[in-house]
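Trainee: I'd like to learn how to read pockets and salt bridges in a model. Could you walk me through this one?

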Amino acid sequence: MEMSGTELTATKRPVWNAGRTVGAKRALKPKQIWEIRFYLNQRRRIRDRALFDLAIDSKLRGCDLVQIKIGDLVSGGQIRTRAIVMQQKTGRPVQFELLPDARASLLAWLERRGGTVDDYVFPSRIDHNGHLSTRQYARLVDEWVTGVGLMRSEYGTHSLRRTKASIIYRATGNLRAVQILLGHSKIENTVRYLGIDVEDALALAENTEI
């Protein structure tokens with residue numbers, strides 16, 4: 001039986017994900033976080049260190065991270081310990097903490113960068129009135145992870161968003177807290193995002209005595 005032209009074309013068409021790693025990007029482990037920080041410090045990449053630390057602490061999507069303005073992070077000449085931004089995807093506000101490492105690296109970068117409260121924290125190098133693009137942010141993340149010997153196919157911008165959330169979940173098992181921190185509207189989204197499965201749930205149950 002002969003195949004039609006449409007069927008023949010379909011059989012020759014390459015699979016869309018051929019040769020690609022499909023699925024959620026891995027979260028970074030604490031050791032890998034410190035390896036990337038050391039890598040950036042050694043190369044005196046002050047901006048990149050501040051961007052990396054802010055990405056880890058804020059747990060923001062790339063589109064929200066690159067649009068943060070100086071006024072979102074600074075108050076009275078000091079880096080805030082907590083900040084709040086409006087999420088582009090959901091239109092909902094989300095709060096996040098800034099720990100000492102992030103505050104120190106952001107202060108070092110902003111002292112070099114200058115600017116006003118209305119300026120973007122990470123400006124575009126092409127359009128100084130614009131912000132760093134999400135594509136450039138993704139390229140930087142690729143460079144950081146490969147710089148410490150990780151596979152770029154297994155890590156990306158979502159790795160940085162997931163990292164602290166995953167660590168908090170593993171330490172506490174508190175899905176509701178992680179949902180709030182990630183700004184998810186439904187807890188089912190948080191479950192999928194963290195990649196929680198039956199084994200995770202059973203491990204938590206086994207460690208909980210009544």
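Mentor: We'll take the pocket, then the salt bridges, then one glycine.
This is a predicted model, where local features need pLDDT of at least 70, side-chain atom pairs count only at pLDDT 80 or more, and totals for chains, interfaces and linings use all residues. Residues are numbered from 1 along each chain as its sequence is written, and side-chain values use heavy atoms, with hydrogens and water left out.

Trainee: How much space lies in the largest pocket?

Mentor: Rolling a probe the size of a water molecule over the atoms shows where empty space is left. On a 1 Å grid over the protein atoms alone, a pocket is an open set of points where a 1.4 Å probe fits, with protein on both sides within 12 Å along at least five of seven lines; lining residues have an atom within 4 Å of a point. Points are joined across faces, edges and corners, and the volume is the space filled by probe spheres set on them. Here, the largest pocket holds about 220 Å³.

Trainee: Which helix gives the most to its lining?

Mentor: Helices are DSSP runs (H or I, at least four residues), numbered from the N terminus. Helix 2 leads with four residues, and helices 3, 6 and 8 each supply at least two. The lining includes Trp34, Arg37, Asp53 and Asp101. By type there are seven nonpolar residues, no polar ones and five charged; Ala, Val, Leu, Ile, Met, Phe, Trp, Tyr, Cys and Pro count as nonpolar, Asp, Glu, Lys and Arg as charged, and the others as polar.

Trainee: How many salt bridges does the structure hold?

Mentor: Twelve, each being a side-chain nitrogen of Lys or Arg within 4 Å of a carboxyl oxygen of Asp or Glu. Asp48 pairs with Arg45 at 2.6 Å between the closest N and O atoms, and with Arg47 at 3.0 Å, N to O.

Trainee: Is Asp48 buried or exposed?

Mentor: Buried means under 20% relative accessible area, exposed over 50%, partly exposed in between (1.4 Å probe, protein chains only). Asp48 is buried because its value is 3%. Arg47, at 10%, is buried too.
Asp142 and Arg152 form another salt bridge, at 2.9 Å from N to O. That pair links helix 7 to the loop between helix 7 and helix 8. Arg152 is exposed, at 52%. Shared partners also join Arg37, Arg49, Asp53 and Asp101 into one salt-bridge network.

Trainee: And where does Gly114 lie?

Mentor: In the loop between helix 6 and helix 7. Gly114 is partly exposed, at 29%.
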